[in-house]
Amino acid sequence: MTPTQIVILVVAIVVILVLIVVAVIASRRRALRQKFGPEYDRTVAERDSRLDAERELRWRQLAENRIDLT
C-alpha cells in the first residue's frame with residue numbers, strides 16, 4: 001500500500017466511526033424522548049447542558065429498571 005492509500009483508509013475509518021457515534025447518540029436521544037416525553041424537555045431546560053440532562057434521564061431509567069426487577 002502506498003502512503004496515500006493508507007491515509008485515505010485511515011480517514012475513511014475515522015469518518016465511519018464518527019458516523020456510528022453520531023447514530024448511537026441520536027438513537028439514545030430519540031429513545032429518551034419517547035420514554036420521558038415532556039419530562040425530557042423540562043429536564044433539558046433545567047440543566048446546564050443537554051448531555052447532563054440526558055445523563056440524568058438515563059440514570060432515572062436505570063433506577064426504574066432496578067426497582068422493577070426486585
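Hi everyone, let's start on one side of helix α2, where Pro-38, Ala-45 and Glu-46 are exposed, meaning over 50% relative accessible area, with buried being under 20% and partly exposed in between (1.4 Å probe, protein chains only). Across from them, Tyr-40, Thr-43 and Val-44 of α2 are buried. Seen down the axis of α2, these buried residues fall within an arc of 100 degrees, so they line one face of the helix; the arc is that of the directions from the helix axis to the C-beta atoms.

A quick word on the source: this is a predicted model, where local features need pLDDT of at least 70 and side-chain atom pairs count only at pLDDT 80 or more, while totals for chains, interfaces and linings use all residues. Residues are numbered from 1 along each chain as its sequence is written, and side-chain values use heavy atoms, leaving out hydrogens and water.

Now the whole protein. You'll find three helices and zero strands, where helices (H or I, at least four residues) and strands (E, at least two) are DSSP runs numbered from the N terminus. The radius of gyration is 18 Å, well over the 11 Å that the globule rule gives for 70 residues, so the protein is more spread out than a compact globule. That radius is taken over C-alpha atoms, and the rule is 2.2 Å times the number of residues to the power 0.38. Of the 70 residues, 13% count as buried.

What does Phe-36 touch, leaving aside residues up to four places away in sequence? Its partners are Leu-57, Arg-60 and Gln-61, with contact meaning heavy atoms within 4.5 Å. Thanks, everyone!
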